[in-house]
Amino acid sequence: MASGGVLSSEDSPDVWSLLECGQLEVGEHTDLDLLMPNGFLINVRCHSDSTLALLKQEVFSEAKRLPLFELLLSASDYIFFTIGSNGEREELYDETKSIFSLRLFVPLLGLVEPEGNREEKELAQNIGIAIAHPLSEVESKLAGENISYRLDLFRVMEESVATRGVDGYNHYAFPEELSSECDADIPPQVNAKIEVADLYVEVWYRSRKDELEEVDENCVCVKIRKVVRVKAPDLITNAVAELTAQHKLVINESPSDFLLQIAGRKCFLTKDIKLTSFEYVRSSFENYRIPKFLLRRKDIVMKEFPAPRPVLKPSWVRAYESRLSTANDCCRKRCSLWELDENVKMRVHSASHITVSDIDRIYVKAAVYHGTNLIVNKESEWVSPSNPRWSNGWIDFDVYLKDLAPATQICLSLVAVKQKKKEEHTGIGWVNIRLFDWNCELLQGKFTLYLWPFSKHCNDLLYPLGQTGSNDNRDTARIEVEFYEHGSIVEFPSFEHIGAYVNKLDARGCGVAPPAASFAPDSPQVVQLMEIARHLDGEKLTDPQQHHLWKMREYVAEYMPDLLPLLAECAFIWNARDTFTRLYELLVRWGPIRPETALELLDFKYPDREIREFAVKCLDEALDNDRLQLYVMPLVQALKYEPWGKCELARMLLKRALCSYRIGHILFWLLRAELGQIGDRCQELPNLYVRFALLVEAYCRGNFEHLGAMLRQVDMVVRLTDLSKMVKQLKDKESATKRLQKELMAHIEVMQHMSSPLDPLDSLGALRLESCKVIGSAKLPLRLTWANPEPLARLYTETHQIIFKNGDDLRQDMLTLQVMRIMDALWKSRDLDFCLSIYEVLPMGKNVGMIKVVQNCSTLFEIQCAAKQLASTFNMESSLINKWIRNHSDDSKTYLEAVDRFTASCAGYCVATYVLGIKDRHQDNIMLAKDGRLFHIDFGHFLGHYKKKLGINRDRVPFVLTDHFLCVIAKGKPNFRDSHEHKKFKRLCTDAYLMLHERARLFISLFTMMLCMGLPELQKMEDVDFVKRTLCAETDARQAGASFQKIFEEAFTGAWSTKTNWFFHSVKHL
């Protein structure tokens, strides 16, 4: 066998017994016997430097020429083993090892299929389907960093699976209904609704036989009117008593043997808290609805939630552990960064693949940054583009190595110069690299860096906001650079060394901050802090303000911990070890921060690992599973700001996903959508794709019991994508619908009886082919209908309807609705329910996704058409919507309830659409439910990006508030503009707005984090500034309230422009 490798630093020539026996010399060949799984013994002559991987190739090549080769599996299905000095079999998982380093006791190796190999192969194949790419191809791209990351994820997965709940209601997959953070009494206005509307709770019951047979036709019901301050177990006890008394039932089980299931939903109420603390009950009462429950027997329900089987441990785990252990035992000399007395130095060698023409000179611009803070800026000599080489390219940055923070990066760009009358400098490409790698080791030696192209929004010649690392596309301009070599591995000091250094500073009295107790709350120093706290952006603080904040850091850490983002943005802290080490030490004692503050610390402005880990820790502690669901989407985007895959944020998301199936479901589909977006950009697998794929893999391994259900959903999406392409080739909607139904019929068994990808609490039963159709809009989306198989579905919704879209980017809709969902949660936490209809939207790949249909509603355009007022929009009766609501109300009581819902929902959407700058609000983008709820759909334009017609803005008002709406709010009164209801509505809108103003930092952080999504209307910080302006983020509540009052009047008096817009929309659709 030919030599297949070189002697690596991990080899240990002095420990191989064959060498000691004189049977082998270094660099020589030797004979080895290979025992094959089919019984053949093959003798192979191999070089001592060859690896096991190369040996396996040689052995299988020899085996092909021997009988019984067809009995063998593929080479990757086997691992090597040998016999140790104790006579026991030793399995060899790391195939990168050389023959010389194996410490063989006898010159014999064997191949064996490892235990669980076939199960692992099947699991790996299924995971490949889940990530839409063969797992083996992802594995082939893994290098040191991602190998360590994958192993770290596996360990987190193992720990999470071992500690998560698997018994009873604590089971990680048990679908508990959402509940409020605190088990408080309901507010007076909700109590008043219960009394005035005579609201109660319905509890239904069926026999054990019917429950086992999944029959619900024979259910009986009781009404429980005592609902305030009643807990779920109490409701069950009262219901059992009433059922026994009213229906003369003989119920052998005790009340503790039952639990409450929401009628028509796979969701249960088991917590020992007040009924009104559950989201479903509270929302029902707010909307004048009757909560409906079914009594379920615990022993039957809990059979659906068995303890999962043990997780399989794949062979690559042992291989990685062996490989990394060998790397850590490397005999290369190591030293601490703080032992060096030199500056940061870098040499530019050459540039290549420059496709820009008509340029005279080129040079490399180089700068040292920490986050967005510039430390020093340098540039190379100018050279000719025809010979882009630098003979003396060393750049001394005049930055002391000891003062480097671990997140310091060098930003490079290749710049072209045109020497005309006015010298023009144009960026060819940029690249950012961390000076410390994923293992906290200083970069040394030569690197070829592949450049990223400058975006049209970047006006500078450097791009510190860009991602870290080379471009994954190798067909781009590149530069070769070299970092000064120090003759040993240079490590960033450990936390113990940092603590010892801070103690030395304290002993010398260098930069010691006054203790927090030395300042009174009304002292001038604290007053000055209060003024600083009003700033949103730390970069805008003056030098005196920054230094005052730093001086008061002990006080801030204890009494004003939410100022950490401002402190972490102070540039001078990261320029010297005396300051950033003190901040690290202080983080250990830092007080808890609010979730919005923690989210802010995870955007691109805060690159430091310690800061980010602290933020993740605070988020993990502050958010229970119900609250964390709101922030999974921005946290997935925050992963893109992590320089390395192995980070605390990835660990936390994986842990929480494995401990809560609902969070895991959301995370899985969001990551899969990102894989679709990233993988579509280039043929090679980008590093970010590999990172996200490995996170999905770890989740699938931990939840392999549910992988089959997940793959059914994936399969459905793939089939619907193909179907949507097929129907688009047909000319008319009717033909397309017939073809759709025919194709669905052919695959009906795999398209039904599963949980919904949009919401795991929605069960999709039998597919109703006759109701499935193609919608006649531009992209020909598919509207699909399934029966709801949950018991008492008739009381909730008998069908689930989903729109499948292929050709539209749904990410902006998803983001808008998710932010609205967060707004709704904030309002509800302050006892305001605006009856928002926030439907699910889920992108599932590149321009592919699903939308949940809100049933029993119509667009305003449909209402207008039904009233035959299409061509007279200017003169459309102001009472039209009010009449429509009255016609869909059974009596005056239900009409007044519908008006109440309309008023609340209109207020909520007025404020939300204004804050988010949602535009293109015509009659087809506003819907009205039969119960009075108004809601908006289709969020293709937001953050103030107007839709124009002939260069004219079609949206001229801050939000839609027409006479048609005001007429409903005033209950049809003719003088609705001057009514008491109008004034009350204005006050309601103002209150809702001020609640969002209080949490302005949260929304600014959310949109800042989303910049990396690449949405057309969210590309730069100027887009985020729109939210700052609408929320009056840098003013106090009084000024913000006054500002919104003016906005309200502007919308109120500008309703004529909305009517004009609606007129043109009507004409277009005549």
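1. Strand β8 (residues 258–262) and strand β10 (residues 292–297) pair in the antiparallel sense over 5 bridges. Helices (H or I, at least four residues) and strands (E, at least two) are DSSP runs, numbered from the N terminus, and two strands pair if DSSP finds at least two bridges between them. Within this pairing, L260 has L295 of β10 as its bridge partner, and I262 stands opposite F293 of β10.

2. Basis of the note. The model is predicted, and local features need pLDDT of at least 70, side-chain atom pairs count only at pLDDT 80 or more, while totals for chains, interfaces and linings use all residues. Residues are numbered from 1 along each chain as its sequence is written, and side-chain values use heavy atoms, with hydrogens and water left out.

3. The other neighbour of β8. Strand β9 (residues 268–269) runs antiparallel to β8 and is joined to β8 by 2 bridges. L260 stands opposite L269 of β9. The hairpin of β8 and β9 has 5 residues between the strands, and G264 takes a positive phi near 85° there.

4. Is β8 covered or uncovered, and which way do its residues point? Of its 5 residues, 5 are buried, where buried means under 20% relative accessible area, exposed over 50%, and partly exposed in between (1.4 Å probe, protein chains only). In a regular strand the side chains alternate between the two faces of the sheet. In β8, F258, L260 and I262 point one way and L259 and Q261 the other way, and all are buried.

5. The sheet around β8. An open sheet of 5 strands has the order β7-β6-β10-β8-β9, with mixed pairing. β7 (220–224) and β9 each have a single partner strand, so one side of each is left without a neighbour in the sheet. Helix α8 (residues 232–246) packs on this sheet and touches β6 (201–205), β7, β8, β9 and β10; the direction of α8 makes about 120° with that of β7. Contact means heavy atoms within 4.5 Å. Axes are lines fitted to C-alpha atoms, for helices over the stretch in contact, and angles run from 0 to 180 degrees between N-to-C directions. Helix α9 (residues 279–286) lies across β6, β8, β9 and β10, running at about 155° to β10.

6. Strand β1. The strand β1 (residues 29–35) has a covered face of T30, L32 and L34, and an uncovered face of H29, D31, D33 and L35. β1 pairs with strand β2 (residues 41–47) in the antiparallel sense over 7 bridges, and H29 stands opposite H47 of β2. Their hairpin has 5 residues between the strands, with G39 at a positive phi near 100°. Strand β5 (residues 108–112) runs parallel to β1, joined by 3 bridges; L108 in β5 is the bridge partner of D33.

7. A second open sheet. Here 4 strands follow the order β14-β13-β16-β17, and the pairing is antiparallel. The edge strands, each pairing on one side only, are β14 (373–379) and β17 (424–434). On average, neighbouring strands of this sheet are turned by 20° against each other, direction ignored. Strand β13 (residues 361–370) and β14 pair over 6 bridges in the antiparallel sense, and A367 stands opposite N377 of β14.

8. At what angle do the axes of helix α30 (residues 892–916) and helix α32 (residues 980–998) cross? These axes come within 9 Å and cross at roughly 45°. That makes α30 oblique to α32: angles under 35 degrees count as roughly parallel, over 145 as roughly antiparallel, 65 to 115 as roughly perpendicular and the rest as oblique. The contact is made by T903, C906, A907, C910, V911, Y914 and V915 of α30 and F985, L988, C989, A992, Y993 and L996 of α32. The residues of this contact divide into 12 nonpolar, 1 polar and no charged; Ala, Val, Leu, Ile, Met, Phe, Trp, Tyr, Cys and Pro count as nonpolar, Asp, Glu, Lys and Arg as charged, and the others, Gly among them, as polar.

9. Helix α14 (residues 543–551). Its residues Q545, Q546, H548, L549 and W550 are buried. The buried residues of α14 pack against α13 (524–533), α15 (553–559), α16 (564–568) and α17 (577–587).

10. Why does R701 count as buried? R701 has 2% relative accessibility and therefore counts as buried. Its place is in helix α24 (residues 687–702). Not counting residues up to four places away in sequence, R701 touches residues including E120, R150, F154, M157 and W316.
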